Amino acid sequence: MISVQNIKKSYGDTLAVSNINFSVEQAELFGLIGPDGAGKTTIFRILTSLILPDEGKAILNGYDVVKDYKKIRQIIGYMPGRFSLYQDLSVEENLNFFATVFGTTIEENYDLIKDIYKQIEPFKKRRAGKLSGGMKQKLALSCALIHKPEILVLDEPTTGVDAVSRKEFWDMLQRLKEKGITILVSTPYMDEASLCDRVALIQNGQIMQIDTPDNIVKSFKHELIAVKTENMHKLLHDLRNFSDTHSAFLFGQNIHYTSINSKINNEELKHYLQKNNHKNIEINKIQANIEDCFMELMT
Amino acid sequence: MRTIKFIIQKEFKQIFRNKSMLPMIFVIPLVQLLVLVNAATFEIKNIDLIIVDKDLSSTSRQLTAKFNGSAFFNVVKTTFSVQQAEDYLYQDIGDLVLVIPQNFEKQLVKNQKADIQLLINAIDGVVAGLSNYYATSIIAGLNKEVITRWYGVSKGNSAYKQISIQYSHWYNPELNYKTFMVPGILVLLITNIGLFLAGMNLVREKEIGTIEQINVTPIKKHHFIIGKLIPFWIISLFELALGLIIGKLVFDIPIIGSLWLVFSVTAIYMLVVLAIGLFISTITENQLQAMFFAFFFNLVFILMSGLFTAVESMPTWGQILNKINPIAYFIRVMRMVLLKGSTFIDILPEIISLSMFAVLMFSLAVWNYRKTS
């Protein structure tokens with residue numbers, strides 16, 4: 001169980017995070033979702049006792065991160081955003097080293113890491129620096145799990161990893177959750193938010209909303225449509241100049257559009273776009289996703 | 001204990017996997033010893049001499065012949081104009097001008113006294129001092145001959161008495177600079193290994209981010225530090241052994257004192273150096289910064305240490321400053337034990353000072369090394 005109360009941290013004059021409050025239940029997969037520089041890593045570094053908060057309190061399974069930092073370091077497994085294992089040691093040597101540092105052995109906790117480690121075991125004699133991105137993540141996760149932590153803290157584990165490996169990685173997290181491990185994970189990818197039990201949307205050092213992904217999506221009040229024409233750049237510009245527009249953002253191949261009116265008048269919009277020389281206009285009503293909610297919170 | 005053992009194991013693996021590490025350990029000592037010891041000599045030979053002999057008498061010829069015959073001097077030009085000689089000096093054609101004025105011999109006979117002028121290029125103070133010393137002793141030799149010849153004074157004659165000085169150079173009878181330099185260069189060598197490699201190694205963990213992963217583990221900081229430093233401590237003792245073997249085989253330096261004592265003091269001294277390296281790595285963020293710091297310390301300590309210049313000739317404040325220079329203590333110990341055969345009791349004050357440095361620097365470094373920022 002994690003409980004964070006009123007955490008604040010500044011670096012010199014720069015306020016990194018403030019007023020951070022959230023709690024994570026035992027065996028819950030909790031996600032911190034936010035863009036780069038939102039303050040995710042700062043929160044994680046406080047929770048892993050690497051930096052001290054200026055204000056506030058954080059309790060992990062009954063231990064205070066400041067006072068009981070020694071205990072904290074035994075019960076957490078931390079995977080920093082940057083690959084932080086020894087590149088000049090082999091897969092096996094890295095794992096062995098971290099097992100020893102935590103006063104355990106690979107054999108003792110092999111059960112926990114078996115699923116993950118057996119995927120990289122064929123390369124166990126290879127230097128960690130020579131592994132692919134996905135394999136590096138698996139090794140880092142194995143090293144973070146080798147001492148059977150009660151809480152797993154993963155800072156952007158899937159950044160820079162291909163889509164297949166990302167999917168595999170989240171499947172692994174689900175299995176670890178089933179074994180009773182509390183998992184705190186951060187990601188800049190909105191599509192990964194729906195894989196968490198609950199998420200906190202974070203922006204500019206502030207938490208804007210905490211809820212289950214479903215509830216967050218449900219809380220989206222506007223009607224949402226996807227608009228597509230031949231000239232997307234001009235479309236975005238024209239939509240933003242339209243008098244009824246509440247928001248218009250480019251999402252992949254479409255522009256997600258909300259109106260200031262509770263109901264969108266498709267005909268009127270189409271008419272406006274035709275007047276502005278748009279061709280092949282496609283308008284479809286769609287369901288909001290986490291990213292839409294996030295953009296909504298930002299506006 | 002198991003953790004420390006494992007960290008040491010890990011460090012050795014990493015050291016030997018680092019491609020630049022092995023050449024550093026084996027090639028650097030060889031090159032430094034062979035090049036520096038042969039090159040860094042204070043004996044000055046072949047001083048380029050310009051002679052201005054305006055007298056051209058038998059006495060003046062006798063003098064120039066003496067200079068010509070000396071191994072230290074090399075007559076490059078002779079001229080009759082002082083102006084011309086000064087130009088040569090300016091153009092770096094010669095280092096020293098000997099001016100014998102007109103009527104030199106006459107004056108000597110008439111007044112029993114005559115003047116000679118020496119113009120010395122003193123850009124390098126050491127060279128100038130030595131040139132002066134060599135030239136003066138040649139002139140003094142002539143003086144003696146002249147007196148003996150003209151006045152018929154021979155040894156034992158009461159009319160001309162003099163104190164004759166006989167030198168005997170102890171502990172280095174032939175004043176062999178190699179004997180003097182090898183222990184010093186050895187010190188330089190292992191200091192570099194300790195300061196650069198060890199300091200660099202710890203800051204490298206910061207730079208590549210592995211320290212982040214280490215810091216969240218329950219590893220105790222003294223375990224981590226001890227585990228990181230012991231490999232370099234062992235390597236530097238190995239370097240010393242290698243250096244002594246080269247010194248003995250190539251330069252035939254005398255090893256009079258006890259080798260056990262040499263290695264024991266080195267062991268203590270290396271703790272000081274490693275602690276300084278560690279301290280540098282705690283106050284820097286990357287290898288480049290650490291390098292600059294280490295270089296700064298190294299240069300100041302080594303130039304102050306008495307390796308190249310005598311500590312006794314430094315100004316008082318410099319000598320006081322040297323009281324906190326571990327390299328100075330260590331060079332003294334190395335020379336005393338290796339060349340003079342000093343025993344434990346003789347170097348006890350140095351051992352005590354070095355031990356104090358070790359404790360002090362280690363406390364400072366460990367105190368400054370934090371796992372939480």
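Modeller: One term is needed at the outset: a residue counts as buried when its relative accessible area is under 20%. Please note also that this is a predicted model.

Colleague: How many salt bridges does the structure hold over all chains?
Modeller: There are 26 salt bridges over all chains.

Colleague: Which residue in chain A pairs with R198(A)?
Modeller: R198(A) forms its salt bridge with E28(A), and the closest N and O atoms are 2.6 Å apart. The two are 170 residues apart, with R198(A) in strand β9 and E28(A) in the loop between β2 and β3 of chain A.

Colleague: Is E28(A) buried or exposed, and why?
Modeller: E28(A) counts as buried because its relative accessibility is 8%, and the cut-off for buried is under 20%.

Colleague: Turning to chain B, what does E205(B) meet?
Modeller: The side chain of E205(B) meets that of K10(B) in a salt bridge, at 3.1 Å from N to O. Since E205(B) lies in helix α7 and K10(B) in helix α1 of chain B, the pair ties together parts 195 residues apart in sequence. Both residues are buried.

Colleague: And which residue forms a salt bridge with E11(B)?
Modeller: That partner is K228(B), with the closest N and O atoms 2.6 Å apart. E11(B) is in helix α1 and K228(B) in helix α9 of chain B, 217 residues apart. E11(B) and K228(B) are buried.

Colleague: What joins K10(B), E11(B), E205(B) and K228(B)?
Modeller: Salt bridges with shared partners join these four residues, K10(B), E11(B), E205(B) and K228(B), into one network.

Definitions and conventions. Residues numbered from 1 in each chain as written. Chains lettered and ligands numbered in written order. Predicted model: local features only at pLDDT ≥ 70, side-chain atom pairs only at ≥ 80, totals over all residues. Heavy atoms only, no water. Helix = DSSP H or I, 4+ residues; strand = E, 2+ residues; numbered from the N terminus. Buried < 20%, exposed > 50% of the residue type's maximum accessible area, 1.4 Å probe, protein only.
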